[in-house]
Amino acid sequence: MCSDDSEGVGAASELDIGEPSANASPALLDELVAANHILFDQGVVDAFGHVSVRHDKRPDRFFLARNMAPGRVTLDDLVEFTLDGEPVSANGRKVYLERFIHSEIFKARPDVQAVVHSHSHSIVPLSVVSGARLRPVFHMAGFIGSGAPVFEIREVAGDATDLLISNSEIGAALAQHFTQSDIVLMRGHGSTVVGDSIKRAVYRAVYAELNARYQLQALQLGDVTFLTEGECRACVDRVEGQMQRPWELWLDKARIRCEAVPN
Ligand SMILES: [Zn+2]
């Protein structure tokens, strides 16, 4: 089993607020651990980035790993949070500074069950060029729709921040962008993608990165033909219905890598 006892750089150590809930589905928590490993193995996250899931019996709570590299997360590393971003089961462990991404999106979007935040490599260039947008170039990425909005942190917090979503005010401003899209780019930082399940959010995070790579490559060749909004809707209905197939493959692959890492 992968594990990591190191402390996170720049981590926040918070006192627990309230009592943890009982009886979250064990299968849901197993899936959250698997999502951490898959996102690392697929190159969406590295030492940074995180994935969360809403509590299956308490919609006002969610789970996120403690402050650590996603590829080394185990069940024991999962922490329960309130929708104010306060931990209820950290027991003194450090938590992610950017947990407010998750808390504020879960607050703003009751339909969202899972959130992935990453700094994946091909996405960042599309967040920093004026007029550029992440747009869908192939059928696996219909969820991008007419183009991903870009969150500009300077509009909320000025021009001298560390670009992190480190409080609920900035998190709420980011979450507002999700009223029009299931994926939002964050200028000079990365992206956040949501779904109605862990599997859908992971699927979208993997294919958002791939779409960004294809888009950057295609732009070097000439005018790019993007998917229409109708094609996007049809692709979401048809292709995302098959997300179990890549999930099983990615999980097998991630487990092989995980087992190869010595404790
Ligand atoms: Zn980040």
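Visitor: In which sense do strand 7 and strand 8 pair?
Guide: The model is predicted: local features need pLDDT of at least 70, side-chain atom pairs count only at pLDDT 80 or more, and totals for chains, interfaces and linings use all residues. Residues are numbered from 1 along each chain as its sequence is written, and side-chain values use heavy atoms, leaving out hydrogens and water. Strands (E, at least two residues) and helices (H or I, at least four) are DSSP runs numbered from the N terminus, and two strands pair if DSSP finds at least two bridges between them. Strand 7 and strand 8 (residues 183-186) have 2 bridges, and the sense is parallel.

Visitor: Which residue of strand 8 is the bridge partner of valine 150?
Guide: Look along strand 8, residues 183-186. The partner there is leucine 185.

Visitor: Which strands are the edge strands of the sheet?
Guide: The open sheet has 7 strands, in the order 4-3-2-6-9-8-7, with mixed pairing. An edge strand pairs on one side only. Here the edges are strand 4 (78-82) and strand 7 (150-151).

Visitor: Which atoms of the protein are donors of the zinc ion?
Guide: Donors are N, O and S atoms within 2.8 Å of the metal (3.2 Å for Na, K and Ca); water is not among the atoms, so sites may look incomplete. Here the protein donors lie 2.0 to 2.2 Å from the zinc ion. They are Glu98 (OE), His117 (NE2), His119 (NE2) and His189 (NE2).

Visitor: Is histidine 119 buried or partly exposed?
Guide: Histidine 117 has a relative accessible area of 0%, so histidine 117 is buried. Histidine 119 has 27% relative accessibility, so histidine 119 counts as partly exposed.

Visitor: Which side chain makes a polar contact with the side chain of glutamate 209?
Guide: Glutamate 209 lies in helix 6 and is buried, at 5% relative accessible area. A polar contact is a pair of N or O atoms within 3.5 Å; within protein, one must be able to donate a hydrogen and the other to accept it, and residues adjacent in sequence count only if both atoms are side-chain atoms. At 2.8 Å, the partner is serine 120.

Notes
Buried < 20%, exposed > 50% of the residue type's maximum accessible area, 1.4 Å probe, protein only.
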